[in-house]
Amino acid sequence: MSLFRLSYDPLYNIIEELDPISLLHFCKSSRHIHGIVKKSSTLLYRYELALSGMKDGIASSYSPHARLDLLLGYKKGWLTLNWTAQDSLCIDTPTIVGVSGRFLYYASESPDPHAGLFQWSLHIYELRSYRIPRLDKLQYCKFNVPFEIRKVAIDAAQNLLVLAELRLSSQGAITATLHFLDMWTCQQHPQARNLHFHFQTDWWGTLPPGHRVSVERVQIYGIMVGLSVRREVEEGEGITELALVNWHTGNGLPERFTGDLLSFDILSDSCLMVLSHPDEDDEDDSGGSPWEQSSDGLYLYEHGKRSPQITIHHIHDGRGLRSARAISYDFPESWKAISFLRICPNTSLKPNVAPPSGTFFHFDPSQRATVILVEFPSHSIPAGCSKKMALVIKESLFQPPSPGDKVLSWEEWQDHCTVIHLPDDSEAHAFEVVGRKLVFFQSAGVVSRLHVLDFNDYAAECLRSIAPRSSTLSCHGEWATTSKIFKAGATDFIGTSTSVLSITWVNATEDAVVLYNEHEGKTDIRVRTFGNTLQQAAPSVSQYP
């Protein structure tokens, strides 16, 4: 007997047992099944979760009908860049400003009225979200610290705040120091055996004119913290060093990576991704560099280059990397002349990381994307490439390596990679990834253009669900917004763009885009949050001191 000849009740009972992805596939195979699903809030909520690449929250007390309304508003908000709330903040231009997790932070130097010295103040604001129950008050903290903060990383699930500073050691070495703090007290974290971790770079003494050292990235994953420090010698040229530390013990892993084009991502508690542009004679896959240190400075030496490479290393119980367990993914041989190479950090939840308590829904960690930015010199663009490209890969491709070394050629893994040709002008900036969305902007004088590319497997169907008769959706509110279906190889994706008043940088979270504009010693910050709310919104960040 055909399944579709069953009466409504037994058929409904069968459908009700399906997980969201199976339910979506069932609906795609039958209009009759889809019709049944659309009549049930519970089933339609599951269907929309799969369609949007989302996952249900843990034990939410809200009904499926209420969560469905929130999910549909969230989906439409991102597809049209139609924000529900804008929270604004205007501050004196800080030393550092950004977003980590669901928090906005900035730090600046200010006089200490008590000691007559200078100190640094760190401000942390919790950002609103329509994916959790309404909060009575969004959290705000201010801490005074005795050093210049170079980078901030927050893991609210562990109440962990990591601050990075740079200092010159008593022996003359340039040292990066990580501070492991409780995010609500700014004191030593109770699970951290040591307050500090000192990473001594290979660079010594006072920097020559034109040289600078910066902390590129600090990433927290479980007990591991990744740190990358860069010394720039010329514009865009220099050396990056990468270290890993177990923040519970304060011990750094013995392995160190060095390279002129080097970035990383901790994929899991047992898996580290390193992206590099190795030298021809570099046999340890640590990246290599054309820059070499001498007693009077850093000098460029000519080395032959291999094609860029992704290497996945196995992290052994937070104690080190197993050198005999690595798998490498080579890029095309014609890409040796690459001029820029970087992993875009993905701000959505990673696998095995719990969402905030009460979350209605969140991005499905199994669908996360790794996005790599690639740029070529104008005179050395390979055939079929453009000057600037984004490579979009499902993060689930990169699994912890099995024993032994393995190298995959580009031909063996290129089918898992979607190549996106980006605007090749120099005004495309601030590439950020949220789940499977790539966010960036283009400067154009007084008005900038904000872009969101959505690579969700069913993004095109999401757009058709709100614009069923067209592959393009145009909204004409305060600024013109356009959403359109594009094709890259066999992949359909959505490109949404809108005009915004001049911005100098952008951050993105699962809930919002954060727009910055620096002018005349001031920084304007606008937090535009997407989604529906069933209750009155919480106070905006601008109401905090």
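# Exercises on a predicted chain

Serine 483 belongs to strand 33, which spans residues 480-488; helices (H or I, at least four residues) and strands (E, at least two) are DSSP runs, numbered from the N terminus. The structure is a predicted model, in which local features need pLDDT of at least 70 and side-chain atom pairs count only at pLDDT 80 or more, while totals for chains, interfaces and linings use all residues. Residues are numbered from 1 along each chain as its sequence is written, and side-chain values use heavy atoms, with hydrogens and water left out.

## Exercise 1: Serine 483

Determine whether serine 483 is buried or exposed, and state which side chain its own side chain meets in a polar contact.

Solution. 
- Step 1. Buried means under 20% relative accessible area, exposed over 50%, and partly exposed in between (1.4 Å probe, protein chains only). Serine 483 has a relative accessible area of 1%, and therefore it is buried.
- Step 2. A polar contact is a pair of N or O atoms within 3.5 Å; within protein, one must be able to donate a hydrogen and the other to accept it, and residues adjacent in sequence count only if both atoms are side-chain atoms. The side chain of serine 483 makes such a contact, at 2.9 Å, with the side chain of threonine 496.
- Step 3. A polar atom of the serine 483 side chain also lies 2.4 Å from the backbone oxygen of leucine 79.
- Step 4. Isoleucine 494 is eleven residues from serine 483 along the chain, and their C-alpha atoms are separated by 6.7 Å.

## Exercise 2: The second largest cavity

State which residues line the second largest cavity, and which element supplies the largest share of its lining.

Solution. 
- Step 1. On a 1 Å grid over the protein atoms alone, a cavity is a set of points where a 1.4 Å probe fits but cannot get out; lining residues have an atom within 4 Å of a point. Four cavities of 30 Å³ or more are found in a search of the whole structure.
- Step 2. The lining consists of Ser52, Met54, Tyr74, Lys75, Trp78, Leu79, Lys437, Val452, Asp454, Asn456, Cys462 and Thr496. Leu79 and Thr496, both named in Exercise 1, are among them.
- Step 3. Helix 5 (64-80) and strand 31 (447-454) each supply at least two lining residues. The largest share, four residues, comes from helix 5.
- Step 4. By type, the lining holds six nonpolar, three polar and three charged residues. Here Ala, Val, Leu, Ile, Met, Phe, Trp, Tyr, Cys and Pro count as nonpolar, Asp, Glu, Lys and Arg as charged, and the others, Gly among them, as polar.

## Exercise 3: Proline 365 and threonine 529

State which residues are in contact with proline 365, leaving aside neighbours within four places in sequence, and which residues threonine 529 touches, not counting those up to four places away.

Solution. 
- Step 1. Proline 365 lies in the loop between strand 24 and strand 25 (369-375). At 12% relative accessibility, proline 365 counts as buried.
- Step 2. Contact means heavy atoms within 4.5 Å. With those neighbours left aside, proline 365 is in contact with Lys55, Leu349, Lys350 and Pro351.
- Step 3. Threonine 529 is in strand 37 (residues 522-529), and its relative accessible area of 0% is why it is buried.
- Step 4. Not counting residues up to four places away in sequence, threonine 529 touches Trp83, Thr84, Ala85, Arg128, Tyr130, Asp511 and Ala512.

Terms used. On a 1 Å grid over the protein atoms alone, a cavity is a set of points where a 1.4 Å probe fits but cannot get out, and a pocket is an open set with protein on both sides within 12 Å along at least five of seven lines; lining residues have an atom within 4 Å of a point. Grid points are joined across faces, edges and corners, and a volume is the space filled by probe spheres set on the points.
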